[in-house]
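Please have the structure open as you read.

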Amino acid sequence: MTSGEKTPPPPQPAPAEPPGGRAAPPRSLGRTISRYALAAVTLGFLALFVGAIVAILVADLASRFFRVDVLAGLFGSPHVLAAMKLSGMTSGITLVLVAVFCVPIGYALSRYRFPGHAVVNTIIDLPIVMPPLAIGVSLLVLFASPPGRWIGDRMNSIGWDRNAAAGIVLCQFLLSVPFAIRASKSAFDAVDRRLEELALTLGCTRTRAFRTVALPMARGGILAGCVMAWARAVGLYGPLMVFVGCVRGKSEVLPNTIYLEVSTGGIEVALAATMVMIALAGAALVAIHGLASGRRWWGL
Amino acid sequence: MIDARAICLTAGTFRLTSVSLHVAPGEYFVLMGRTGSGKSLLVRCLCGLIDPTAGSVAIDGVDVTGLEPRERRVGYMPQDCGLFPHLDVRRNVTFSLRARGMGRRAATAAAAPVVEMLDIGRLLDRRVTSLSGGERQKVALARALAGRPKVLLLDEPVSALDEPTRRDVCAELLRVQRELRLATIHVCHSLAEARSVADRVGVMEAGTIHQTGTIADLTAEAATEAVERLVHPVRVNTPPAPPGDAR
């Protein structure tokens, strides 16, 4: 080979591909900015909201009105204890009633199409969107009407005083059961109805197919709905003040205690009762999340 | 055996029109047809999940028209297996026995032959959500068979599987069917799938059965264009050669 000859360039090896195949094209700057901007905005809103809730809780705990001795003293105060007892009893009865009503109603709305289905579906949601106080006023008007007075007399004759526990349960039930019905319907909607049909071919009656297939599969959603309804019942205040009134030792539940203490200057006691209610709400939330995620550690 | 005579029914805007079908004892019958031809509707009618507006259904010589599904003693396996996700494999397999009043231990013992036949003993304590496609089919088949049905109705039992698994499951279905000598209806779209299991096939189109016979019969002489389309899809879908094209 002479020096003047041009040597052909050696063949260039093809660029090596990464083990996973062809390399992804570089992400454009615009896409990257848009991705981070979206994350920043959404996380910003999240932080703002969570921060506000935490600030409220911290403000409660750091307040000069919050005293542990007052909180401990709550459990020695006869009228607060009576309010806690009444709250527990009425919300417990409400929870049982809610559970009894929400399962069949949720199942019927989910599985059957009947004349007026859409209307019934809407009416059930009304107590969710109506102002609670308006429901209290409506109940008051209803029980002042002749049919309502007749019902009230019958209730009184069997010892159910509508100005005490019976009235509280009625208010709590009306305002909380729609949440459980809605949750129950959604839970049944999520159960494939073909599985129930399959159970029929495997020897089940319709009742047994409901009990062994639909109900266990919807259980998490139903229980979460019941807990949500119970939380709503425990915290109910406005309609009770209008329909039942607030008499110490007779119709005083925990939210009423807070109102009464604030109105008589007992801010420390009100704050301590608030803490009890926050603890109850927190427990309810943990239960809802646990049940909705279907975890088994609840043993339910 | 299964004897359906002049079944008519309406589901929404779709209608089954005078469908008659006879499956002999121990026969493996494949019902073929395009999507929406009414195959699954007919199977659901035979199960008792939909009542016909006219016609009759007899199973093992007994008229079961109007009887509840649980009184028909059919083993039904739907397209997606329909395993109960809240129950483990054991409870799925013994479901029909428990539904008929057996205790847990008695049901497990009664299901043991089927469990052994399908070789799913190692799966019994697993959750159904952890099973592979082929295992799910076997468990669903075991559940359908555990109640000792008189006939077996399989609605597209292998349509969701890949080709090798489909072949395996079809072979397993045929083996079990031959062993138990159960009159079986198997719904599918594919001629290859039908060929692997069928004693006879029926072709359904637009809510009626166009032709029944062996695959050889249908291939030799298709009664209608719908049958021709299924047994000779290439011939039907190839456009006619232009005039003068000598190839």
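1. Chain A is split into domain 1 (32-62) and domain 2 (70-298), with bounds that come from an automatic or database domain assignment. The C-alpha centres of these two domains of chain A lie 31 Å apart.

2. A word on conventions. This is a predicted model, in which local features need pLDDT of at least 70 and side-chain atom pairs count only at pLDDT 80 or more, while totals for chains, interfaces and linings use all residues. Residues are numbered from 1 along each chain as its sequence is written, and chains are lettered from A and ligands numbered from 1 in the order in which they are written.

3. Chain A has twelve helices and zero strands; helices (H or I, at least four residues) and strands (E, at least two) are DSSP runs, numbered from the N terminus. Of its 300 residues, 31% count as buried, that is, with 20 or more other C-beta atoms within 10 Å of their own, C-beta atoms being placed from the backbone. Among contacts in chain A with a separation of 6 or more, 79% join residues 24 or more positions apart; a contact has C-beta atoms, placed from the backbone, within 7 Å.

4. Helix H7 (residues 165-189) of chain A packs on helix H9 (residues 206-234) of chain A at about 155 degrees, with axes 8 Å apart. Axes are lines fitted to C-alpha atoms, for helices over the stretch in contact, and angles run from 0 to 180 degrees between N-to-C directions. H7(A) and H9(A) are therefore roughly antiparallel (an angle over 145 degrees). The residues of this contact divide into 15 nonpolar, six polar and two charged. Here Ala, Val, Leu, Ile, Met, Phe, Trp, Tyr, Cys and Pro count as nonpolar, Asp, Glu, Lys and Arg as charged, and the others, Gly among them, as polar.

5. H9(A) also meets helix H3 (residues 78-111) of chain A, their axes coming within 9 Å and crossing at roughly 145 degrees. Residues of H3(A) in this contact include Ser87(A), Leu95(A) and Val103(A), and those of H9(A) include Ile222(A) and Trp230(A). By class, the contact of H3(A) with H9(A) has eleven nonpolar, four polar and no charged residues.

6. Which chains supply the 14 and 15 residues of the contact between chains? Chain A gives 14 and chain B gives 15. On the side of chain A, helix H8 (193-201) and H9 are the elements that give two or more residues, and H8(A) has the largest share, six residues. That side divides into eight nonpolar, three polar and three charged residues.

Terms used
Angles under 35 degrees count as roughly parallel, over 145 as roughly antiparallel, 65 to 115 as roughly perpendicular and the rest as oblique. Two residues are in contact if their C-beta atoms, placed from the backbone, lie within 7 Å. A residue is buried if 20 or more other C-beta atoms lie within 10 Å of its own, exposed if 12 or fewer, and partly exposed in between; C-beta atoms are placed from the backbone.
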